[in-house]
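Please look over the structure below together with its sequence, and then read the notes that follow, which are grouped by topic.

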Amino acid sequence: MRQISKNRSGRVAVKGFAVVFLLVAALVAGSSSLGGFSSDSVVYAKGVTLGQRNALRTARNYLRTMPFSQKGLVKQLKYEGYSSKEARYGAGHCKANWKKQALKSAKNYLGTMAFSRKGLIKQLKYEGFTASQANYGVAHCGANWKKQAAKSAKNYLKTMSFSKSGLINQLMYEGFTRAQANYGVKKAGY
């Protein structure tokens with residue numbers, strides 16, 4: 001790390017790339033100050049634009065409120081008006097743990113609707129998570145897939161009529177195993 005010193009006006013002068021480390025550390029901590037120095041006093045590393053810094057700040061704000069994949073976050077930042085370069089910088093430098101983001105997303109989905117294991121992996125991949133991230137999220141979400149099958153079966157029967165075999169086939173189409181589908185159908189009243 002290079003030397004950080006105050007110049008004659010009392011403002012921080014940073015030599016080298018130490019400022020990038022300090023900026024990221026402050027953003028991770030959610031602090032408006034960097035080691036006792038105001039973030040306004042920091043001289044940013046060469047090549048990091050105001051747009052990139054703002055995209056990074058916006059990325060962190062989004063991740064505080066809801067889970068995103070890196071790909072999904074880039075897409076959201078671009079929707080907010082950031083250029084592709086700024087959006088990639090923000091998502092790439094926000095220090096998110098994408099596997100943990102996949103886990104949070106999996107739990108959110110299961111809190112609102114029923115999924116099979118395969119279906120949830122497919123949904124997370126659709127949201128932009130890698131196969132590894134999606135598998136991690138699903139493996140650690142704590143879902144009981146038989147209970148998910150029962151929930152799904154009950155939801156189907158609220159809106160449609162199914163024979164027992166038709167409902168089992170529908171659940172299997174959704175990615176439940178035969179054992180899970182049989183359990184779900186039985187719990188739904190068949």
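**Cysteines**

- In this predicted model, C94 has a relative accessible area of 1%, and because anything under 20% counts as buried, C94 is buried.
- C141 is likewise buried, with a relative accessible area of 11%.
- A disulfide is a covalent bond between the sulfur atoms of two cysteines.
- When a pair of cysteine sulfur atoms has to lie within 2.5 Å to be counted, the number of disulfides comes to 0.

**Helix 2**

- Helix 2 covers residues 50–65, and its 16 residues, at 1.5 Å a residue, should span 22 Å, which agrees with the 23 Å that separates its end C-alpha atoms.
- The buried residues of helix 2 include G51, Q52 and R53, together with A55, L56, T58, A59, R60, Y62 and L63.

**Helix 2 and helix 4**

- The axis of helix 2 comes within 7 Å of the axis of helix 4 (residues 84–92), and the two cross at roughly 50 degrees, so helix 2 is oblique to helix 4.
- The crossing in which helix 2 passes helix 4 is right-handed.
- On the helix 2 side, G51, Q52, A55, L56 and A59 make the contact, and they meet K85, E86, A87, Y89, G90 and A91 in helix 4.

**Helix 6 and helix 7**

- Helix 6 (residues 117–126) and helix 7 (residues 131–139) have axes that come within 9 Å and cross at roughly 135 degrees, which means that helix 6 is oblique to helix 7.
- Helix 6 passes helix 7 in a crossing that is right-handed, and the contact joins R117, L120, I121, L124 and K125 of helix 6 to A131, A134, N135 and V138 of helix 7.

Definitions and conventions: Residues numbered from 1 in each chain as written. Predicted model: local features only at pLDDT ≥ 70, side-chain atom pairs only at ≥ 80, totals over all residues. Heavy atoms only, no water. Helix = DSSP H or I, 4+ residues; strand = E, 2+ residues; numbered from the N terminus. Expected span 1.5 Å × (residues − 1). Buried < 20%, exposed > 50% of the residue type's maximum accessible area, 1.4 Å probe, protein only. Axes fitted to C-alpha atoms, helices over the stretch in contact; angles between N-to-C directions. Parallel < 35°, antiparallel > 145°, perpendicular 65-115°, else oblique. Left-handed = near helix turned anticlockwise from the far one by under 90°. Contact = heavy atoms within 4.5 Å.
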